[in-house]
Amino acid sequence: MPKIKTNRGAAKRFKKTGTGKIKRSSAFTSHILTSKTRKRKRNLRHGGLVSAADQKNVAKLIPYM
């Protein structure tokens, strides 16, 4: 049986935790930052976990991570 290819774009965006959940970073952090408040930019530094609805689909994209 052949190996499954990892989606390289997804591999750069997601990481797996020790318990198997998938971590993600926040969107809206790369440009046009002058119009965003300090508080908003500070809160965007914190990542989060992929929602339960998307967990299965993202896991298929990164099978060996």
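Predicted model: local features only at pLDDT ≥ 70, side-chain atom pairs only at ≥ 80, totals over all residues.

Residues are numbered from 1 along each chain as its sequence is written, and side-chain values use heavy atoms, leaving out hydrogens and water.

**Exercise 1.** Work out the order of helices and strands along the protein chain.

*Solution.* Start by counting: there are 3 helices and 3 strands (DSSP runs, H or I of at least four residues for helices, E of at least two for strands, numbered from the N terminus). Then read along the sequence, and you get α-β-β-α-β-α.

**Exercise 2.** Find the residues of the largest nonpolar core.

*Solution.* Look for buried (under 20% relative accessible area, 1.4 Å probe, protein chains only) Ala, Val, Leu, Ile, Met, Phe, Trp, Tyr and Cys residues joined through side-chain atoms within 4.5 Å. That gives 7 residues: Ala10, Ala11, Phe14, Ile22, Val50, Val58 and Ile62. Next, zoom in on Val58: beyond its neighbours within four places in sequence, Val58 is in contact (heavy atoms within 4.5 Å) with Phe14, Ile22 and Val50.

**Exercise 3.** Describe the surroundings of Lys36.

*Solution.* Second, skip its neighbours within four places in sequence, and Lys36 is in contact with Phe28, His31 and Lys41. Finally, the Lys36 side chain reaches the backbone oxygen of Ile32 at 3.4 Å.

How values were computed
Buried < 20%, exposed > 50% of the residue type's maximum accessible area, 1.4 Å probe, protein only. Polar contact = N/O pair within 3.5 Å; in protein donor to acceptor, adjacent residues only side chain to side chain.
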